[in-house]
Amino acid sequence: MSKIKSLITGGAGFIGSHLVEKLLEENHELLVVDNLFTGNKSNISEINNINTAELLEKEVGDDDSLSRILNFSPDYCFHLAAQSSVTVSVENPLLDENYNINQPLKLIEVIKETDCKRFFFSSSGGTIYGDPINIPTKENDFGSEPASPYGKSKKKLNEHIVSIFEESDVNYSILNLANVYGPRQDPHGEAGVISIFVNRILDGKSPIVYGTGEQTRDFIFVGDVIAAFMKCMLSEENHILNIGSGIETSVLNLISFIDSVCGTKSEAQFMPKREGELLRSALDCSLAKEKISWEAKVSLEDGIHEVVNWVKN
């Protein structure tokens, strides 16, 4: 019996590498496309020793990549590659548009020519709703326009995916992810506040807080996100689903959580509020429970333990 073939863009990144790991466990044949700007080969070192896994170190929208994808003809396409920094999107919106709209649209046109059954897109539940009408926020609770070009590009691609695939044989799953955290998230980057805080606190440095620290986020463990992808594979429906914990946690409370796990007592260093950041964010994920029988399983405390152990090692 032939293996299921899956394409993962951004597969050497934080979330992508966990998905690679899971799909290899499930015996999929993999094509991973990653330009390695933020991804890291060490995240997926295991694929070097597997005959049914290939890493293409190129842009998703590169002609060579698109040709290889067409030839590979995946059963499933997981599009996780993105310019994922809100700050970078504010500083360079054209770069954001290239990575988060133009290149994905080239990919979609090629996917339509393959035998792909389902197109997965990791969207941003923390930015696409703008200033949400309700907290926790449902899938149709759009408030103002997203504050950042990053949020605007994610929302726009969601709309493109729906309009393009509604007229094709390919099903889609758009997962609006809350703030994903876990092992392998870069503790030296500008996104991924839990890894950054854990790294600084373990180094005896003050966690840096932008604004008052009262701003809230919905934190979801990476393993729970991978479980949502896997659940979608079992469905026959199209999906636009929020994937989060549904719990608001302030930045200052997050520091307290990390201190309790690390046995430390940190003094935050406060900096001016960053442009494009929301005051509050939490997702209502009841539709995911109804449609794919998914809900978050890993508590914030347990997830922080995992991150602390990973950073220490």
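Helices H2 and H4 run roughly parallel to each other, because their axes meet at an angle under 35 degrees. In this predicted model, H2 (residues 63–72) and H4 (residues 93–111) pack at about 30°, with their axes 9 Å apart; the axes are lines fitted to C-alpha atoms over the stretch in contact, and angles run from 0 to 180 degrees between N-to-C directions. Helices here are DSSP runs of H or I with at least four residues, and strands are E runs of at least two, numbered from the N terminus. Contact (heavy atoms within 4.5 Å) is made by Leu66, Ile69 and Leu70 of H2 and by Lys106, Leu107, Val110 and Ile111 of H4.

Local features need pLDDT of at least 70 and side-chain atom pairs 80 or more, while totals for chains, interfaces and linings use all residues. Residues are numbered from 1 along each chain as its sequence is written, and side-chain values use heavy atoms, leaving out hydrogens and water.

Helix H6 (residues 193–202) is mostly covered, with 7 of its 10 residues buried, meaning under 20% relative accessible area with a 1.4 Å probe, protein chains only. The buried residues are Ile194, Ser195, Ile196, Phe197, Val198, Asn199 and Ile201. Their cover includes strands S7 (179–181), S8 (208–210) and S10 (219–221), together with helices H8 (251–262) and H10 (300–312). Just after H6, Gly204 takes a positive phi of about 75°.

Turning to the whole protein chain, there are 10 helices and 13 strands. Buried residues make up 52% of the 313 residues. The C-alpha atoms fill a box of roughly 55 × 45 × 40 Å along the principal axes.

Note on methods
Angles under 35 degrees count as roughly parallel, over 145 as roughly antiparallel, 65 to 115 as roughly perpendicular and the rest as oblique. Buried means under 20% relative accessible area, exposed over 50%, partly exposed in between (1.4 Å probe, protein chains only).
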